[in-house]
Amino acid sequence: MASGGEATESPLAVDVLARSGIRTDQRLPDPASDSVAETLSGGDRSSTRSRLPAVLLEGAQLLEDRYAMGPRLGEGGMGVVYLARDRNLGREVALKSILPEKMSDARLARFVTEARITAQLEHPGIVPVHDLFISEEGEVFYSMKRVQGQSLEDVLDELRARDPDADTRYNLIHMLSIFRTACHAVAYAHTRRVVHRD
């Protein structure tokens, strides 16, 4: 703590943020602001980059201090998810980050905004986000509940293959129930003025 009760930033955190291209003198914009809305909606990077404030992860811990990294669970168009063990709580979690080849200032800002918005959505159909972390290499991660089970893609593949067990387990009533649960989660997000773009 600095004199006068103000917290000082860790020199290591400042160095990590600087290596990530994140300025530490500005804060994340309000998720409802026009610049963030344009960035989240896939607006032109050249026009939004100059207007979008840089990201500040206040008091962010180093990833390695908290988590033991495990294998990769999967990846999408921009992100990658790893299994990890929370050293403090002794539980398995999922860690999401941006694929290195997809990293940019605009995507990093969007990624942190995604984590912060999702963390505010508390619903049984939405995966809880726990925290944001920075690795020693300057990569930004957020931790979330690890969800286990069968993906909808796998279920549909089994149904297409006419697997008799799948036909019994995933009958029309069961599938409509899953669809209704997903609709409830999306509707809840809409009440919080959040639109899922996938």
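A polar contact is a pair of N or O atoms within 3.5 Å; within protein, one must be able to donate a hydrogen and the other to accept it, and residues adjacent in sequence count only if both atoms are side-chain atoms.

This is a predicted model, in which local features need pLDDT of at least 70 and side-chain atom pairs count only at pLDDT 80 or more, while totals for chains, interfaces and linings use all residues. Residues are numbered from 1 along each chain as its sequence is written, and side-chain values use heavy atoms, without hydrogens or water.

**Overview. Eight helices and six strands make up the elements of the chain.** Helices are DSSP runs of H or I with at least four residues, strands are E runs with at least two, and both are numbered from the N terminus. Read from the N terminus, the order is α-α-α-β-α-β-β-β-α-β-β-α-α-α. The chain has 198 residues, and 32% of them count as buried. Buried means under 20% relative accessible area, exposed over 50%, partly exposed in between (1.4 Å probe, protein chains only). Contact means heavy atoms within 4.5 Å. Of the contacts between residues at least 6 apart in sequence, 52% join residues at least 24 apart.

**Close-up of helix 5. Residues 105-119 form this helix.** Helix 5 has 15 residues. From first C-alpha to last, helix 5 reaches 21 Å, close to the 21 Å expected at 1.5 Å a residue. The expected span is 1.5 Å times one less than the number of residues. The buried residues of helix 5 are Ala106, Leu108, Ala109, Phe111, Val112, Thr113, Ala115, Ile117 and Thr118. Ala115 belongs to helix 5. Ala115 has a relative accessible area of 2%, so Ala115 counts as buried. Leaving out residues up to four places away in sequence, Ala115 touches Val129, Leu132 and Tyr142. The C-alpha atoms of Ala115 and Tyr142 are separated by 6.6 Å, although these residues lie 27 apart along the chain.

Phe111 sits in helix 5 and Tyr142 in strand 6, so the pair ties together parts that are 31 residues apart in sequence. Phe111 counts as buried at 1% relative accessibility. Tyr142 is buried, with a relative accessible area of 4%.

**Close-up of Lys96. This lysine is found in strand 4 (residues 91-98).** The side chain of Lys96 makes a polar contact of 3.0 Å with the side chain of Glu114. Beyond residues up to four places away in sequence, Lys96 touches Gly79, Val80, Val81, Phe111, Glu114, Val140, Phe141, Tyr142 and Met144.

A polar atom of the Thr168 side chain lies 3.2 Å from the backbone oxygen of Pro164. Thr168 has 59% relative accessibility, so Thr168 counts as exposed.

Met175, Ala185, Tyr188 and Ala189 are buried in helix 8. They cover an arc of only 150° around the axis, which puts them on the same side of helix 8. The arc uses directions from the helix axis to the C-beta atoms. Helix 6 (152-160) is among what covers these buried residues. On the other side of helix 8, Leu172, Ile173, Phe179, Arg180 and Thr191 are exposed. At the start of helix 8, a side-chain oxygen of Asn171 reaches to within 3.1 Å of the backbone nitrogen of Ile173. Just after helix 8, Arg193 takes a positive phi of about 65°.
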